[in-house]
Amino acid sequence: MKPLSLFARFQASLQAKLIFAFALVLLIPTAVIVVYMTNIISNTVIEQARSDKFRMAEANAAKLEALLLSAERNTLFLSRAPATRRYVDDLGQNPQTSTDGVYAFLESFLKNSDYRALRILTLEGREVVRLDKRDDLVIIAPASELQTTPTLPYFVQALRLPIGQVYISNLTNESIDGQTPTPIIDYSTALVNSSGVKVGVIALRVNAGPILSAAISSDPSETTFIVNAQDGTYLLHPDQNQSLSRGGGTRTLYQDLIIDSGAILSQLRDEGILFGSTERPELMQTFKHVHPPYQDNLQWVLLYQYPIRKVFEAVTNARLVVIILTLGALLLAVLVAVIFTRTITHPVQMLAHTATEISRGNLTAAIPVVKTHDEINDLAIAFSTMSRELQTLYTDLENRVTERTKELAAANQSLEEARRKTEEVSKAKSIFLSNMSHELRTPLNVVIGYTSSMLTMPQMYNGITLPDIYRQDIQLIKDNGNYLLGLITDILDLSKIEAGKLELRPTVVDLAEIFRGVVSTSLGLLKDKPIQIISEIPNNIPRVWGDPLRVRQIVLNLMSNAVKFTDTGSITLRAELETQCVRVSVTDTGIGIPEKSLATIFDRFQQASADTDKQYGGTGLGLDISKRLSIMHGGDLSVHSEEGRGSSFSFTLPFAPSTVTEPTRNLPEPSSVETLSSADLSVEAIPLILLVEDEVSTREMMRRILESKGYVVTDTHDGAKVMDLAEGILPTLIVLDVHLPNVNGWDLLKSLKANPETASIPVAVCTVETDKDASMRLGATTHIQKPIVLDTFLAEIQNILAFPEKSV
Amino acid sequence: MRILYIEDDPNDANLITRYMQATQHELVLVSDANEARSLDAQQFDLIMVDVVLNHTRDGYKLAQELRERGYQQPVIAVTGLSLPKEIEACYDAGFSFVLTKPFEIPQLVNVIETYGK
């Protein structure tokens, strides 16, 4: 088997189609969802990143502020502590106030904190107390190292502020003896004595490193900047050289690096995110302003830079997750579809397989068991039921066939019996008809035989002639005997027709030949009636197909009727060519038939009128028989008549098979229209050859060659019929084989020549005998030696026909 | 002329006998086929046979036998059979001519005079 293409296999598989449909149905919404989801996810992830960063920035800013404010609170706490207050009260009244109490308090404070230094200054800017912390060690500065710094910002600004407010300096670096610079912030506030008068300033130096570090993002991908909003310097920068807080010391202009400074530094916006700004499209920058309350001096901006690439990486990751999940779901769905469709297609396949088995005649094929309880199960149950029904039906059918076969055989037998019976009946009918005919004729022979003897044979009665007084009566008996004979003949004909026993012996019929015989007989019937008998037969009339005996019977019947019912005028026997047949008609100028009788004229025993019978005689069966015979010849007998003017009867005969298109009589003869009367019997000029030959092959050979030359040939094998035929048809020439079974051919020749009617017909003797003189002596025109040579034979015949006078 | 006539119907036999008596012919009349078989056929110039003899169609067989034994002279069937099939059967059996009953006496005369020559 040719391997199927993938497509063909797909087409052939219901399962594949179902899975495909399943996947397709699933895929479309999934694809839509995936596209939608990835968009959503992308937005969400970006949003998430933004808000995360933003929240972190806020939190860090808050932490930063809290740390800054914590130092502020401690500064206030120190300024208001009792030890400090006592010292301050004293300081106002006595410049040489003992510092012991305050030193102890401040030293313990500093020791427990991570502040770098503490100092108290007088209104003149002169340090009175100064503690420095170096590596967890608090060093009290001796009086010799105390400085007067009246211009330092933390001193000046602290005194300017309202009482209770703390000044916070900007971030600076403290460099001590070549050590790594430390970022510091100075906090200061005015010291107020009990009277509420400012008497000095207390300043706290804070290590800014831990505060700034608190703002650094926990995300290593994120870069943290702290910028001084007032001058744009980096307070914190990943690059130490640029960061003030890391001791870089170089004050780099913020604008150089952060081009979006305008937006970020603007006081109008406290916080914000720049996502892929024009200047830095690769970054997401989150910023937050930090400015503790009442501290106009401290204006910081916390800035985080985060590569957008990272954000998109997250987006891509999220998308990937969605797609993987979707594909996984799709795969799972297909798997489910495969399993699910298998539960449909597998039972269907099994059912199909079983159906194939059943169609092959295996009615007992096992019905697959379907374990589900769904439509497939219903189908399987229905299928199983159908299969069982089929099996039952098939068995039933087989039984019935057997039964019918038996019945048929019985019917055939009875039919055969019936046929045999019919045959028997048919045979019995034949025998009955034959016997009836015989038995009826036998007594008639006595009637006719004896009466005719009495009338014509006085020598049989000792020479006593029948006295006239008896003659009339005896004649009456004889005539009635003949009438009875006619009646019997007709009735038997009818019986035969009705019993289907009258069989036509159809052959090629030459109407001209029939016409001649009938006309001849009819002339005899005329007696002395002054009637012209006209025979019309055009030369293009082909030969017809029929039983010559029966055709003659019909024509003769019509003619004898015409003679019977015509007293004067003419009787015309005519043949006419029609499209598919030849019409034969007999038209007379007799008494005609009344219109009311036309319908019943063909009925049995019906004559035109009740007294017709008496006046004209006849059995009334003739037309019935003629009509039936016409019908048997494929036509019908019809009548046209006018009372007092005459009648015309006609019937049709089909063309002989081989002569439908080609009239056989090619001889250049005029149309044969002959007018005859009882006084004119011998007008006959149609060349017609009577062929007498008992050997079939020779006869057929002769017939063929003669017909090929256009002659009309009538043949017979029966010598006994020759005389009758010769008298009936008066042939132009007789070809006679003198060696005939049963008949002595020489005697036949003698008879022909002795009969005045046939004496003038030339006879060509055809024989194996060589005695030519014997033939000539007996009156033969020529002697043809057998075996015949066709050319010689034909030449002899043509010679005789060309010179008929020679024969006389 | 010597004529053999085989006829079982006494009426017909009588008619023909009476005719023969009026002529110069010599007639031998028998009434069944077996009787005819016992005679020497060759001594007759003409044989006439009624085909139906004692209700059996022995005439056919008789004609056949005559021809088989080489009888060359005319054998005439004189019979009430008239159906075309039956007439044909007569010729097939070897009869020279069939004279159908009923016949008028001149017909009989014709036949005898024609075939008896």
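Helices and strands are taken here as DSSP runs, helices of at least four residues and strands of at least two, numbered from the N terminus. The model is a predicted one. In it, Tyr711(A) has a relative accessibility of 13% and is therefore counted as buried, the cut-off being under 20%. Along the sequence, Tyr711(A) and Gln798(A) are separated by 87 residues, yet their C-alpha atoms lie 10.0 Å apart in space.

The setting for this residue is chain A as a whole. Chain A has 808 residues, of which 44% are buried, and its secondary structure amounts to 21 helices and 25 strands. Of the contacts in chain A between residues at least 6 apart in sequence, 62% link residues that are at least 24 apart.

Two packed helices are described by the angle between their axes and the distance between the axes. For helix α2 (residues 14-80) of chain A and helix α4 (residues 100-111) of chain A, the angle is about 160 degrees and the axes are 11 Å apart. Because this angle is over 145 degrees, α2(A) is roughly antiparallel to α4(A). The crossing of α2(A) with α4(A) is right-handed. On the α2(A) side, the contact involves Asn74(A), Phe77(A) and Leu78(A), which meet Phe105(A), Leu106(A) and Phe109(A) of α4(A). Sorted by class, the residues of this contact are five nonpolar and one polar, with no charged residues.

Most residues other than glycine have a negative phi, and most peptide bonds are trans. Asn462(A), although not a glycine, has a positive phi of about 55 degrees. Asn462(A) belongs to the loop between α10 (375-456) and α11 (468-498) of chain A, and its relative accessible area of 73% makes it exposed.

Chain B holds another such asparagine. Asn54(B) has a positive phi near 50 degrees and is placed in the loop between β3 (46-49) and α3 (58-68) of chain B. With a relative accessible area of 45%, Asn54(B) is partly exposed. Chain B also contains a cis peptide bond, running from Lys101(B) to Pro102(B), with omega near -5 degrees. Pro102(B) is found in the loop between β5 (97-100) and α5 (105-115) of chain B.

Methods:
Residues numbered from 1 in each chain as written. Chains lettered and ligands numbered in written order. Predicted model: local features only at pLDDT ≥ 70, side-chain atom pairs only at ≥ 80, totals over all residues. Heavy atoms only, no water. Buried < 20%, exposed > 50% of the residue type's maximum accessible area, 1.4 Å probe, protein only. Contact = heavy atoms within 4.5 Å. Axes fitted to C-alpha atoms, helices over the stretch in contact; angles between N-to-C directions. Parallel < 35°, antiparallel > 145°, perpendicular 65-115°, else oblique. Left-handed = near helix turned anticlockwise from the far one by under 90°. Nonpolar A, V, L, I, M, F, W, Y, C, P; charged D, E, K, R; others polar.
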